[in-house]
Amino acid sequence: MKKIPVSRPILSKKIKKFVSKAIDENALSGTYGNYIHDFEKKFSRYVKSKFAISTSNGTTALHTALCAFNIGKGDEVLVQSLTNMATAFAVFYTGAKIRPIDSCYSTCNIDPEGIEKHINTKTKAIVVVHLFGHPVDMDPIMSIAKKYNLVVIEDCAEAHGALYKNKNLGTIGDIGCYSFYANKILSTGEGGMVVTNNKFIAEKCRSLKSLNYGKVNRFNHPEIGFNYRMSNIIAAIGCAQIEDLNKIIEKKRYVANRYNEALSKFDDLYLPTEQSYAYNVYWVYHIICTKKLLGKRNQIMSCLAEMDIETRESFWPINKQDVFKNEFGNTNEFDCPIANSIGENGFYIPTGPDITEAEINQVIYCLELAIKKLTIDL
Ligand SMILES: *Cc1c(COP(=O)(O)O)cnc(C)c1O
């Protein structure tokens with residue numbers, strides 16, 4: 001068997017057609033060509049947001065969103081600790097201080113119970129992350145935000161098409177940020193999108209991500225801007241792929257279901273869930289080693305690697321990062337024990353949109369072998 005990767009995007013004929021058209025039209029970026037505008041339109045229609053503003057990637061989408069709400073030096077931002085560090089870096093760029101918030105074991109997402117004790121007069125915003133495709137329980141987040149007048153930023157980089165109580169992600173809080181990196185559910189290679197229903201904020205994002213050109217005199221800039229623009233070629237890929245997005249999500253859910261059926265008999269694995277409020281899009285199939293397999297995550301991953309199955313470890317929470325500790329201090333106050341334990345014991349297995357039946361069976365077979373080996377060796 002060939003090596004089975006965790007993910008591999010499908011580059012359809014339609015993508016090739018749209019990209020060729022952009023090249024034939026000599027339309028690389030900016031106002032040359034229609035794909036940027038069309039992709040933003042299609043994306044806002046897909047997530048049912050009033051506005052969508054394309055960016056160069058998910059990290060710059062987050063930075064743009066934070067800047068649009070004037071978050072900066074002297075402010076504090078509550079951030080889900082278990083996440084891709086891009087979430088935290090976007091906050092670092094603004095100069096604001098991060099307070100990492102612990103996760104719920106059940107979904108790996110931010111635990112609303114852990115938020116209020118970190119709020120003080122400097123707190124400006126909460127960044128929640130819909131991790132691994134499972135939506136955050138947003139109602140409790142929104143009531144805390146209302147009580148303390150905080151901005152809610154949704155990091156939706158891993159959850160295109162997921163729903164919370166039938167609502168699209170990125171439209172429940174004040175602003176949502178998506179990524180289209182090569183391994184994301186919608187993948188243009190690099191790319192990002194900010195979505196919001198707030199017209200003022202949408203206009204601010206649009207201006208910020210394109211150098212904040214002056215309104216009266218174009219080349220007299222009132223404030224600092226960024227070049228976080230998406231190119232027309234990238235947008236062409238997005239326009240083509242968004243038409244297949246529901247099919248990709250169906251496939252992700254199908255693969256997750258196959259893994260659930262095969263793996264639920266193992267008591268020592270904690271499998272992904274789908275809470276009653278959630279439509280999970282299973283960006284990755286993230287497993288946590290528990291009980292007899294606690295502490296054996298790396299051994300399972302090596303066993304699978306030997307059998308040509310690629311896996312990835314879970315994220316390393318913000319509170320444990322050297323870059324965080326060096327910047328903001330290393331105190332117990334910032335510790336997130338649940339996120340630490342998920343980070344140490346979690347890993348994910350292949351769920352690419354093109355994974356075949358034979359490959360799914362092979363992953364299951366090899367994982368069963370690895371578990372048996374490690375539990376019998378005890
Ligand atoms: C991938 C990812 C990002 C960053 O997106 P890029 O497009 O790689 O900049 C941000 N947050 C989360 C949760 C991610 O998974």
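Predicted model: local features only at pLDDT ≥ 70, side-chain atom pairs only at ≥ 80, totals over all residues.
R312 has a bridge partner in strand 14: Y348. R312 belongs to strand 13 (312-313). Strand 14 covers residues 346-349, and two bridges join strand 13 to strand 14. The two strands run antiparallel.

Now widen the view to the sheet. Four strands make up an open sheet in the order 10-12-14-13. The pairing is antiparallel. Which strands stand at the edges? They are strand 10 (269-270) and strand 13 (312-313). Each has a single partner strand, so one side of each is left without a neighbour in the sheet.

Helices pack on this sheet. Helix 8 touches strand 12 and strand 14. The direction of helix 8 makes about 25° with that of strand 12. Helix 9 packs on the sheet as well, touching strand 12, strand 13 and strand 14. The direction of helix 9 makes about 20° with that of strand 14.

Helix 8 has another partner. Two packed helices are described by the angle between their axes and the distance between the axes. Helix 8 (residues 245-263) packs with helix 12 (residues 357-376) at an angle of about 35°. Their axes are 11 Å apart. The crossing of helix 8 and helix 12 is right-handed. Which residues make the contact? Helix 8 gives Y254, V255, R258, Y259, A262 and L263. Helix 12 gives E357, I360, N361, V363, I364, L367 and E368. By class, nine residues in this contact are nonpolar, one is polar and three are charged.

Next, the aromatic rings. The structure holds 16 aromatic pairs. One of them is formed by F43 and Y178, with ring centres 4.9 Å apart. Their planes stand at 75°, and an angle over 60 degrees counts as edge-to-face, so this pair is edge-to-face. What does the pair tie together? F43 lies in helix 2 (residues 35-47) and Y178 in strand 8 (residues 175-179), so the pair joins parts that are 135 residues apart in sequence. Is F43 buried or exposed? F43 is buried, because its relative accessible area is 1%, and buried means under 20%. Y178 is also buried, at 1% relative accessibility.

F226 and Y228 form an aromatic pair of the stacked kind. The distance is 4.9 Å centre to centre, with 5° between the planes. F226 is buried, with a relative accessible area of 17%. Y228 is buried too, at 13%. Ring pairs also build a cluster, linking F89, F92, F324, F328 and F334.

Last, turn to two places in the backbone. Most residues other than glycine have a negative phi. N212 is not a glycine, yet its phi is positive, about 50°. N212 sits in the loop between helix 6 (199-208) and helix 7 (232-242). N212 counts as buried, because its relative accessibility is 8%. K291 also has a positive phi, near 45°, and is a residue other than glycine. Where is K291? K291 is in the loop between strand 12 (285-289) and helix 9 (297-306). K291 is exposed, because its relative accessible area is 59%, and exposed means over 50%. So N212 is a buried loop residue with a positive phi, whereas K291 is an exposed one.

Key: Residues numbered from 1 in each chain as written. Heavy atoms only, no water. Buried < 20%, exposed > 50% of the residue type's maximum accessible area, 1.4 Å probe, protein only. Axes fitted to C-alpha atoms, helices over the stretch in contact; angles between N-to-C directions. Left-handed = near helix turned anticlockwise from the far one by under 90°. Contact = heavy atoms within 4.5 Å. Nonpolar A, V, L, I, M, F, W, Y, C, P; charged D, E, K, R; others polar. Pairing = 2+ DSSP bridges. Phe/Tyr/Trp six-rings, centres within 6.5 Å; stacked < 30°, edge-to-face > 60°.
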